[in-house]
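Open the viewer and follow along. Each stop says what to select and what is there.

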Amino acid sequence: MDGQLRHERRRRAAGRHGGSRRSARPAGMIERTCAFGDGGNLVGTFCVPEEGVPRADLGLVLFNAGFLHRVGPHRINVRMARALAKRGIASLRFDLAGQGDSEAPGRREYRQGAVADLAAAMSELGREAGVTRFVLFGFCSGGFHSYDAAQADDRIAGILLYDAFAYRTLRTRLNRMLMVVRSKGWRGAFAGVLAALARAFRRGNDAAQPPSPEFFLSFKPPPRREFAATAGALLDRGVKIGMIYSGSFPRTINYEEQLRDALAGTRAAQAISCRYFAGADHTATTTAMQAQLVRYVEEWVVELAARRRAART
Amino acid sequence: MKVRPMRIGPRGRQLVAMHHPAATSASRRGVVFCNPFGQEAIRTHRLLRVLADRLAAAGFHVLRFDYFGTGDSEGDETGATLDRWIDDVQLADAMLRSEIGVNSSAWFGARLGATIAMLASRRGAPPERLVCWDPVLDGRAYLDEIDAAHREAGRDLPASVADTFGSEVLGFCLPERMRQAIAAIRPSALGCEARSVHVVAGMGHRGTEEWAPAASVTTRVSVKRIESNMVWMANSGMNGAVVPQDGMAAVVEALGLPA
């Protein structure tokens with residue numbers, strides 16, 4: 001099927017536009033908002049590179065962070081989509097069923113439903129932009145949905161997860177203690193150690209720690225051994241996995257090599273790329289933080305596209 | 001009925017809009033929703049979606065839209081001006097009438113969206129009715145409030161946030177010309193041309209008592225106080241939707257009152 005946006009790109013390239021020269025000035029991308037999916041229950045906006053911009057066979061899927069709609073925290077999904085379009089990467093930012101402008105689903109299990117919606121989004125983006133492989137950017141709760149989807153769908157070439165899976169190490173705890181000493185002194189640090197010991201006694205050491213009480217509480221990360229195994233299986237399949245962390249949860253994640261150390265001895269330890277933005281908060285509240293995050297995602301996705309292109313030649 | 005996504009306006013400045021079709025297909029009544037600014041629009045997206053669904057079920061065609069440079073629409077906020085957003089309201093109303101067939105429209109706005117609706121009513125074809133939830137009646141007071149919210153959020157953020165005071169508010173640029181235009185909003189100078197204006201005001205909302213008498217010289221004004229004190233500007237929103245029922249009920253009631 002010829003996607004509407006591909007037709008539009010060819011029409012623009014041929015110069016057969018009805019608008020003024022000013023409105024025909026290329027912006028590097030074309031956007032279209034529509035309903036799609038089962039019965040047209042999902043709403044999203046495609047963002048496709050204009051003709052003349054070299055395109056990759058890789059599409060980016062962006063979706064809800066927690067309860068926020070498809071534009072993302074502080075509109076970051078829109079910024080990201082447009083930046084990637086200028087680099088030849090088409091995208092779809094959409095609302096999962098029951099969120100944003102998408103219709104509520106019928107009775108279905110929440111996490112399986114999200115995986116189904118992501119599958120529908122990839123199919124639709126594939127039709128619109130002619131791409132066959134996809135990257136999912138999962139923000140917060142979206143990180144867990146992306147991880148679930150990657151295990152279920154061979155079309156996923158990469159997942160990039162923001163403030164999702166984290167596992168503490170001894171260095172995490174020492175770093176945290178130093179932070180507390182700097183801010184509250186030794187007495188405050190000692191009280192913190194007692195509280196942490198009490199928490200550890202209650203929960204057990206092998207269980208992964210949810211990043212913070214503010215996180216989507218229905219998403220408890222699996223134990224680290226299980227995560228290492230499932231991540232390893234994805235890596236064996238050729239899926240690129242990346243983790244990005246903000247500085248909002250120092251109790252749970254506070255240095256860049258943390259996941260590598262936590263999964264030491266496993267394939268995942270070396271193969272998962274990690275980036276820790278200590279100076280950024282969970283929702284990238286300043287435009288500088290947003291620009292930093294967009295740049296990182298842009299380079300990560302473009303590098304994957306280049307790697308895939310090289311592998312085919 | 002399902003929401004119908006649309007893109008309205010000329011290429012290069014297209015706005016994304018959502019049409020909620022009226023439950024009664026013969027209905028010719030419509031409502032244009034005018035969003036608040038920045039992070040307030042992000043926080044209220046769910047509220048406005050639920051309200052639109054409720055109004056559609058009650059027989060109104062509802063058109064929600066994102067101003068130029070906001071939400072899913074073209075452009076970014078550096079290119080946004082208050083004048084442009086006023087034009088966007090007129091565009092949305094024209095779309096509601098010409099494409100959807102509405103012949104009686106009301107405009108609903110929350111916070112700065114309500115103020116934009118008031119200003120838009122004086123430019124071009126006014127609506128029959130304006131419904132305003134916690135409208136911004138004093139621009140300087142509003143700027144003080146949102147700047148304070150930005151500073152409050154910045155207390156938990158790195159020191160670099162201090163560099164953004166004045167130019168950003170909770171993740172969104174506030175260009176200087178926009179800031180100046182908002183600062184110029186004064187109760188004494190804020191008239192509107194709708195046949196009637198209905199204000200829904202939370203307990204913490206200020207300025208209505210000063211504004212209403214002057215506005216009532218040219219239009220019929222009603223004010224309804226509600227118990228909820230909506231926290232419009234805050235950096236949170238990911239972990240739950242804010243949908244105050246008394247405010248929504250007051251808006252629905254205001255739209256159903258005789259013009």
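**A tour of chain B**

Select chain B and show its contacts. Counting those with a separation of 6 or more, 72% join residues 24 or more positions apart. Keep in mind that this is a predicted model.

Switch to the cartoon. Chain B has seven helices and ten strands. Its radius of gyration is 17 Å, close to the 18 Å that the globule rule gives for 259 residues, so chain B is as compact as a globular protein of that length. The C-alpha trace of chain B spans about 55 × 40 × 35 Å along them.

Chain B exposes about 9,700 Å². Carbon and sulfur atoms supply 52% of that area. Colour by burial: 59% of the 259 residues in chain B count as buried, where buried means under 20% relative accessible area.

Colour by charge. Chain B carries 29 positive and 29 negative side chains. The centres of these two sets lie 7 Å apart.

Hide the surface and go inside. Which residues touch the most other members of the largest nonpolar core? Select B:Phe37, B:Leu112, B:Leu130 and B:Trp211. That core has 60 residues.

Centre on B:Leu112. Leave aside its neighbours within four places in sequence. B:Leu112 is then in contact with B:Asn35, B:Pro36 and B:Phe37, as well as B:Leu82 and B:Val136. B:Tyr142, B:Ile182 and B:Ile185 are also in contact with B:Leu112.

Last stop: chain A. A second, separate core of 53 residues includes A:Leu92, A:Met122, A:Ala129 and A:Tyr167.

Terms used. Residues numbered from 1 in each chain as written. Chains lettered and ligands numbered in written order. Predicted model: local features only at pLDDT ≥ 70, side-chain atom pairs only at ≥ 80, totals over all residues. Heavy atoms only, no water. Helix = DSSP H or I, 4+ residues; strand = E, 2+ residues; numbered from the N terminus. Rg over C-alpha atoms; globule rule 2.2 N^0.38 Å. Buried < 20%, exposed > 50% of the residue type's maximum accessible area, 1.4 Å probe, protein only. Contact = heavy atoms within 4.5 Å. Areas by Shrake-Rupley, 256 points an atom, 1.4 Å probe, with all protein chains shown as cover. Lys, Arg positive; Asp, Glu negative; His and termini not counted. Charge placed at Lys NZ, Arg CZ, Asp CG, Glu CD. Core = buried A, V, L, I, M, F, W, Y, C linked by side-chain atoms within 4.5 Å.
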